[in-house]
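Colleague: I have just opened this one and would like a careful walk through it. Could we start with whatever terms I need?

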Amino acid sequence: MTQAPFPDTLLNDLHECLGPEIIRDKIEAGQVTIDVSPADLPEVCLKLRDDESLAFKQLSDLCGIDYLAYGKADWETGDTTRTGFSRGVSEGVYIDTRDIEDRFAVVYHLLSLKRNQRLRVRSFVSGQPAKIPSVTHIWAGANWFEREAFDLFGILFEEHPDLRRILTDYGFIGHPFRKDFPLEGNVEVRYDPDQGRVVYQPVTIKNRVLTPKVIRRDNRHPAPEDKRAEN
Amino acid sequence: MPEIRNMTMNFGPQHPAAHGVLRLVLEMDGEVIERADPHIGLLHRGTEKLAESKPYNQSIGYMDRLDYVSMMCNEHAYVLAIERLSGVTPPVRARYIRVMFDEITRILNHLMWLGAHGLDIGAMTVFLYCFREREDLMDCYEAVSGTRMHATYYRPGGVYRDLPADMPQYRVTSNRSDREVARLNENRQGSLLDFIESFTERFPACVDEYETLLTDNRIWKQRTVGIGVVAPDRAVELGFTGPMLRGSGVEWDLRKKQPYEVYDKLNFAIPVGVNGDCYDRYLVRIEEMRQSNAIVKQCVDWLRNNPGPVIIDDHKLTPPAREAMKDDMESLIHHFKLFTEGYCVPEGEVYAAVEHPKGEFGIYLVSDGANKPYRLKIRAPGFVHLSAMNEMVKGHMLADVVAVIGTQDIVFGEVDR
């Protein structure tokens, strides 16, 4: 069992405490997810932490997600009998051609030691660049997580005390975990014997996609539509 | 009057006490630390992004390389996430095997930690002793998976193979005599379970041996007591988990609080500290080794008496037997599909956490129904602990930085991912 106490009681308590600030909610694999808007986020987080019955004192995890390529397969396999398979060719990189509303989301995983329950809070971030209030003043452990999400996705955390890159190289350009950032990167380094130092140059390798991304529905699992109806 | 300024000192990234590639920029007032700014990412490989471009099973091996001293525990969180999303439960024997190897891994990790921590703050002998015992445990890894470290043994739906009936033996070489080989092979005559059992019988005495070297050692206590104190509330706030949290006196262990696999059927205790300093965390980890040893023993007893399958029989998720492929068309198709395309995990998201030797190791998996993860986030305990470095070393001496790095049990494979 994932979580011993019942997720639906948690969800009821959340609705009681937060009310209309919850935009959406769902229970999946015994885990509760609530969506809140970035504007409400600091207030919601404070309530979640300080409410006596909820007491989400610990932030387990914080991460960014880029929904740019969500649900897009490299290879259509629906109509195989009539047309045969399409060639499984993929660049593996999704070009940001459309202006996607709410492309990025920040996901917070909270843990309440008192209730022995976890909660997932998700907040879709919009705007160019994407901005969301920082929660470092609510959970001290958020500091590096927010730096990481900034570094990898380019999400700006407002009022973060020290928003620097953390995982990538000094002077790195771009945000590597975005879906439109190529897997092999843009630059590589090598030692240049003439100049006697390490130099940057455009990448010389090409990404080969050996296994294209395929989306298949399995009849043994409920279809996504049914799942939505359940929640 | 000359002007007196704080000195900024660079520590690492190549320093034996930095446990890998940690670069610390220290602002010093004399020999006292004013501010510590860890620079990480020197070992960043983009594991999460790589996983997004591969079928699920191909990333299991990457998990080993995260925290490369507790390999199987990393795999465990990953396969748990896939299993929970696909709604699969492995056979009970597989769950016992996993728990047994999780605890073997915990001992492996704590031995490595103890040795390195000891070496950092001036206790040379422990390092050698710890590596002697680690060798046996790595042989267990090898017997079961073929490799000493990066096992790739756990699979969604169970484990790759059942425990072997015999242990690999040492052979005579030009620098190893008959007598030496006979001694080395003495407890390798039976099955892997026999070997593990002989280890569990021997190991408590080894822990006693480490303790005689350290626990009441005056130098050891001077270097660890009162160093890097974290209050319980603060530890929770900072996101501490595992021995770092328990060392501060918070009784929180996922194996007890949110039991996964078969931990609820096993008998063990959770040690907690009192003062939240390096010494208490040392005591907690030492006791954890003893408890893990007890768990391994219980698993060995159970596994001896309960043969059975170790992986589910659903060939959409696990490969069919090679024998079956010889004359069964369907098995052949399953095998081909699995190894070319992999399996699709139903759309959804899940967070699976295990009690890793270092703390809570979590995998947040988002699937859009494809054969590759849409997003994989690894919640590494070391990352969170290291982020509290500044707070833990402020006001301490330079030499205590090394003690704090040691007590945090930092491994850069998981911090930088």
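Modeller: A salt bridge here is a side-chain nitrogen of Lys or Arg within 4 Å of a carboxyl oxygen of Asp or Glu. This is a predicted model, in which local features need pLDDT of at least 70 and side-chain atom pairs count only at pLDDT 80 or more, while totals for chains, interfaces and linings use all residues. Residues are numbered from 1 along each chain as its sequence is written, chains are lettered from A and ligands numbered from 1 in the order in which they are written, and side-chain values use heavy atoms, with hydrogens and water left out.

Colleague: How many salt bridges are there over all chains?

Modeller: The count over all chains comes to 50 salt bridges. One of them is made by the side chains of Lys26(A) and Glu349(B), with N and O 3.0 Å apart. Lys26(A) lies in strand β1 (residues 24-28) of chain A and Glu349(B) in strand β6 of chain B, so this pair joins two chains. Helices (H or I, at least four residues) and strands (E, at least two) are DSSP runs, numbered from the N terminus.

Colleague: Is Glu349(B) buried or exposed?

Modeller: Glu349(B) is buried, with a relative accessible area of 2%. Buried means under 20% relative accessible area, exposed means over 50%, and partly exposed is in between, using a 1.4 Å probe and protein chains only.

Colleague: How many salt bridges are there between chain B and chain A?

Modeller: Between chain B and chain A the count is nine salt bridges. Arg216(A) and Glu341(B) form a salt bridge whose closest N and O atoms are 2.5 Å apart. Glu52(B) also pairs with Lys179(A), the closest N and O atoms being 3.0 Å apart. That pair crosses between chains, from helix α1 (residues 47-52) of chain B, where Glu52(B) sits, to the loop between β7 (156-158) and β8 (187-192) of chain A, where Lys179(A) sits. Glu52(B) is buried at a relative accessible area of 11%, and Lys179(A) counts as buried at 11% relative accessibility.

Colleague: What area is buried between the two chains?

Modeller: About 5300 Å² is buried between chain B and chain A, and carbon and sulfur atoms give 53% of that. Buried area is the accessible area (1.4 Å probe) that two parts lose on being put together, summed over both. On the side of chain B, Lys49(B), Glu349(B) and Tyr374(B) lose the most area to chain A, together 14% of what that side buries.

Colleague: And how many residues does each chain bring to the contact?

Modeller: Chain B brings 64 residues and chain A brings 66 residues, where contact means heavy atoms within 4.5 Å.

Colleague: Let's change topic: which residues have the most contacts inside the largest nonpolar core?

Modeller: That core has 173 residues, and those with the most contacts inside it are Leu14(A), Tyr108(A), Met100(B) and Phe101(B). Helix α4 (residues 92-120) of chain B gives the most to this core, with eleven residues. A nonpolar core is a set of buried Ala, Val, Leu, Ile, Met, Phe, Trp, Tyr and Cys residues joined through side-chain atoms within 4.5 Å.

Colleague: What does Tyr108(A) touch?

Modeller: Leaving aside neighbours within four places in sequence, Tyr108(A) is in contact with residues including Leu41(A), Leu59(A), Ile132(A), Val135(A) and Phe157(A).

Colleague: Which residues of α17 in chain B are buried?

Modeller: Helix α17 (residues 398-408) of chain B is mostly covered, since nine of its eleven residues are buried, among them Asp400(B), Val401(B), Val402(B) and Gln408(B). After α17(B) comes Asp409(B), whose phi is positive, near 55°.

Colleague: And where does His76(B) lie?

Modeller: His76(B) lies in helix α3 (residues 71-86) of chain B and counts as buried at 0% relative accessibility. Its side chain makes a polar contact of 2.7 Å with the side chain of Glu261(B). A polar contact is a pair of N or O atoms within 3.5 Å; within protein, one must be able to donate a hydrogen and the other to accept it, and residues adjacent in sequence count only if both atoms are side-chain atoms. Not counting residues up to four places away in sequence, His76(B) touches Arg98(B), Asp102(B), Tyr154(B), Tyr260(B), Glu261(B) and Val354(B).

Colleague: Lastly, how many helices and strands does chain A have?

Modeller: Chain A has five helices and nine strands, and 46% of its 231 residues count as buried.
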